[in-house]
Amino acid sequence: MNSVAEEKVLVKCYHCDSTCEEEIITHDDKPFCCTGCKTVYEILQENGLCTYYDLNENAGVSLKAANFAGKYDYLAEPAIEKQLLDFKSENLAKITFFIPSVHCSSCVWLLENFHKIQTGVLTSRLNFIKKQLFVSYDPSRVSLKEMVELLATLGYAPLFNLESADKPQRSSKEQHRLLLRIGVTGFCFGNIMLLSFPEYFQLDLQNNVDAGYQKFFLYLNFLLALPVFFFGASDYLKGAWVSLKENWKGTTRVLSVDIPIVMGISALFIRSTYETFVHQTSGYWDSMTGLVLFLLVGKWLQQVTYNYLSFEHDYKSYFPLAVRVKEQGFKNVAELKPGEVMEIHHQELIPADSLLLSEQALVDYSFVTGESAPVEVKYGDHVYAGGRQLGTRINLQVEKQVSQSYLTELWNNEAFRKDKISRTSDFANFFTRYFTYAAIGIAVVTGLYWHFHNQALVWTTVTSVLMVACPCALTLAMPFAMNAAMTILGKNRFFVKNQNVIQLLTETDAIAFDKTGTLTEGKSGNVKFTDGELSAEEKRWIGAATSQSVHPLSKLITEHLSGSVPPDEGSVTSFKEIKGEGIEAVVSGQRIRLGNALFLGVPQVGLPQDGLPHVGVPHLPKESGQVLVEINGVYKGRFSVKSKFRNGWETVLEKLSLNYILALISGDNSRDREQVAPYFNEGNMHFNLKPQDKLDFICKNQAAGRKILMIGDGLNDAGALRQAHVGVALSEDVNAFSPACDVILDAREFNRIDEFIGFSRIAMNVVVAAFALSVLYNIVGISLAVSGHLSPLYAAVFMPLSSMSVVLFAVGCTYLFAKLKKLI
């Protein structure tokens with residue numbers, strides 16, 4: 001028996017590589033874990049697209065839980081369709097889908113061949129980095145709903161939410177402009193290098209024709225340098241001008257880092273122009289254009305790093321795009337008005353504050369409040385936006401528009417309007433300000449000195465000083481080193497918003513944890529049966545009964561029992577669920593009842609016992625997470641459901657407690673207090689907190705001088721995550737919704753968070769070392785320039801070489817330490 005079970009575990013699905021634990025479906029001599037995976041294979045086979053599996057083995061996405069019945073009905077509504085489409089005419093429509101599950105070359109190949117599977121699709125093109133699929137189709141031959149349902153069937157369900165219609169995905173104009181500047185600068189730099197070969201090799205061109213071409217190349221280099229100076233370096237020129245203007249007005253005392261950069265670029269440009277037209281020599285056009293190209297590439301690396309992850313989510317990213325309104329059909333949730341009646345089905349999100357018109361409802365507020373247990377709501381009760389309906393369909397009357405609901409108050413908080421500034425940023429401003437003054441001062445003093453001692457060296461020494469002076473540690477070393485660190489952390493599923501976050505991480509001295517979904521697995525639990533024993537037959541009966549219920553505790557019990565004895569759901573002849581109390585069922589002729597103590601009439605400690613039918617039953621402790629069992633009127637025992645903590649959580653807290661003050665701020669109740677108490681001081685454990693309470697806790701500690709790192713997972717943590725010095729959102733799916741944050745951490749890597757914080761410190765130490773090296777370069781270079789021993793030619797070569805060496809040092813050391821820390 002055991003050997004058979006072990007054999008089953010080893011069987012992998014041909015489509016998605018999941019273990020075929022429950023069943024093995026064989027088709028075409030290939031194993032599949034579910035009907036969904038087999039269906040996808042059949043679709044691909046029918047259309048001659050099984051090359052999908054040749055590119056990457058087991059490239060598919062598991063479809064075990066796939067159920068699309070009615071899910072995309074709202075896409076048939078013309079008003080909804082119009083909001084989503086980029087363009088539409090009689091025979092042509094265009095739309096951009098966001099596909100979170102894209103992950104490999106097989107995905108790219110299949111989606112770009114989508115037109116071969118779906119009739120009516122004209123073209124499909126995928127942006128892998130942004131996970132965007134651009135589709136052109138004929139609306140007279142295929143509907144939007146049909147396309148989306150087929151994509152979902154294939155395992156590539158598009159993500160639709162309120163933000164999809166409110167803010168369509170568009171390419172950044174600023175990024176396009178930056179790429180254009182890089183292209184123009186790169187073109188000019190390459191051609192200037194090519195046309196400068198006679199100068200590099202100091203060719204003595206005797207004949208007039210070659211000499212004439214050489215002179216022509218000098219002027220052509222000047223023409224090629226003009227777009228680099230005025231277009232490629234335009235942002236630096238504007239930044240320097242604005243900084244000088246604001247300093248002149250007295251609105252700021254901080255000089256921009258663009259000023260010393262512009263000084264160097266301008267010195268190269270002016271001196272090269274002089275050399276070209278006066279001395280008929282090549283000047284330093286290659287050095288100038290190369291420096292500008294190097295700076296632009298560094299800036300681009302900063303912008304594009306993990307730009308496919310969104311760190312500024314709000315309620316619009318979480319709410320559905322449309323909901324069914326009674327007597328009106330589907331309607332965009334942003335257009336819901338007070339008084340309208342919504343129909344909400346099982347597992348659907350409630351988008352607006354409402355009144356319940358149905359008799360009863362069970363609402364899961366775990367993502368809003370952090371409380372893991374669902375809340376029973378009765379007719380006329382208030383229901384808050386962000387809750388998820390569990391059970392049968394309910395009717396709700398809208399009380400407030402979506403933008404005015406309780407949940408959206410989080411995004412009106414001042415925390416979401418403030419930028420975070422690190423000490424490193426302050427130091428950068430301090431250094432830049434005095435570096436600029438120092439560079440100008442040294443150039444002026446040098447010019448005056450040589451004016452009185454050797455006037456022939458005035459122009460040479462001043463331009464050499466301005467050329468060689470460069471704050472490359474901050475303008476180049478930091479973005480390249482931080483980009484390397486972000487890339488390494490990203491490969492380990494620790495996705496950092498920008499380089500400033502790594503600096504902020506090194507400054508934190510306290511860490512606040514949410515509990516539900518952070519320290520614990522929000523949708524899982526440890527189930528244990530106590531106070532008795534159950535036979536295999538009784539387990540099968542109970543499992544059949546709980547499988548009919550939508551309550552989270554019932555689902556956990558069903559999952560727990562199905563591991564040993566599969567439930568026989570077909571044997572259930574009667575089923576009734578009393579919301580908030582328990583369930584009653586007749587299974588194979590046996591009367592099964594499960595629920596709380598009062599529902600079954602079992603005495604609890606501290607409760608009156610008059611009239612309770614069970615005599616001789618031991619008094620039970622009054623605890624949450626208890627499900628009592630009765631079969632044919634006989635008490636059999638109870639299931640205890642406790643929070644399931646993440647693997648390695650204790651080790652993580654032990655390591656972090658050595659260097660940080662730890663706090664627990666949870667919206668859940670205190671039933672796990674004893675389990676977490678060894679890792680938190682009594683005064684640092686807080687339960688039953690509302691979202692505003694969490695935000696207030698962060699603010700209070702910041703007022704006391706603490707720099708807090710907040711780790712949470714739910715929408716209720718959004719305010720605290722944004723207010724904290726650094727906010728880390730723990731996510732089961734880094735491509736799906738995560739609250740506003742600075743870092744997105746894949747939940748599978750939670751037990752390594754101390755490693756990631758430690759590596760951030762190492763990365764910053766590397767930048768400091770690179771900064772020291774850059775200062776040394778500047779001291780040596782400026783000293784040689786001031787003394788007249790460094791000509792403009794060597795200064796022009798020395799500056800980019802020093803910048804490149806500092807960058808190589810920073811990036812190389814970052815990867816070296818990552819290797820030593822086994823992060824790569």
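Mentor: Quick one before we start: contact means heavy atoms within 4.5 Å. The model is predicted, so local features need pLDDT of at least 70 and side-chain atom pairs pLDDT 80 or more, while totals for chains, interfaces and linings use all residues. Residues count from 1 along each chain as its sequence is written, and side-chain values use heavy atoms, without hydrogens or water.

Trainee: Okay, which residues is phenylalanine 513 in contact with, leaving aside neighbours within four places in sequence?

Mentor: Quite a list: Thr518, Leu519, Leu653, Leu656, Leu662, Ala663, Leu664, Ile665, Phe680, Ile711 and Phe750.

Trainee: New topic: how many salt bridges are in the whole structure?

Mentor: A search finds 22, counting a Lys or Arg side-chain nitrogen within 4 Å of an Asp or Glu carboxyl oxygen. Aspartate 235 makes one with arginine 177, with the closest N and O atoms 3.4 Å apart.

Trainee: Where do those two lie?

Mentor: Aspartate 235 is in helix α11 (residues 234–249) and arginine 177 in helix α8 (residues 173–195), so the pair ties together parts 58 residues apart in sequence. Helices here are DSSP runs of H or I, at least four residues, and strands are E runs of at least two, numbered from the N terminus.

Trainee: What about glutamate 749?

Mentor: Glutamate 749 bridges to arginine 493, closest N and O atoms 2.8 Å apart. Those two are 256 residues apart, with glutamate 749 in the loop between β28 (743–746) and α28.

Trainee: Is glutamate 749 buried or exposed?

Mentor: Buried, at 10% relative accessible area; the cut-offs are under 20% for buried, over 50% for exposed, and partly exposed in between (1.4 Å probe, protein chains only). Arginine 493 is partly exposed at 31%.

Trainee: Which residues are linked with them in a network of salt bridges?

Mentor: Asp746, Arg748, Arg752 and Glu755 join Arg493 and Glu749 there.
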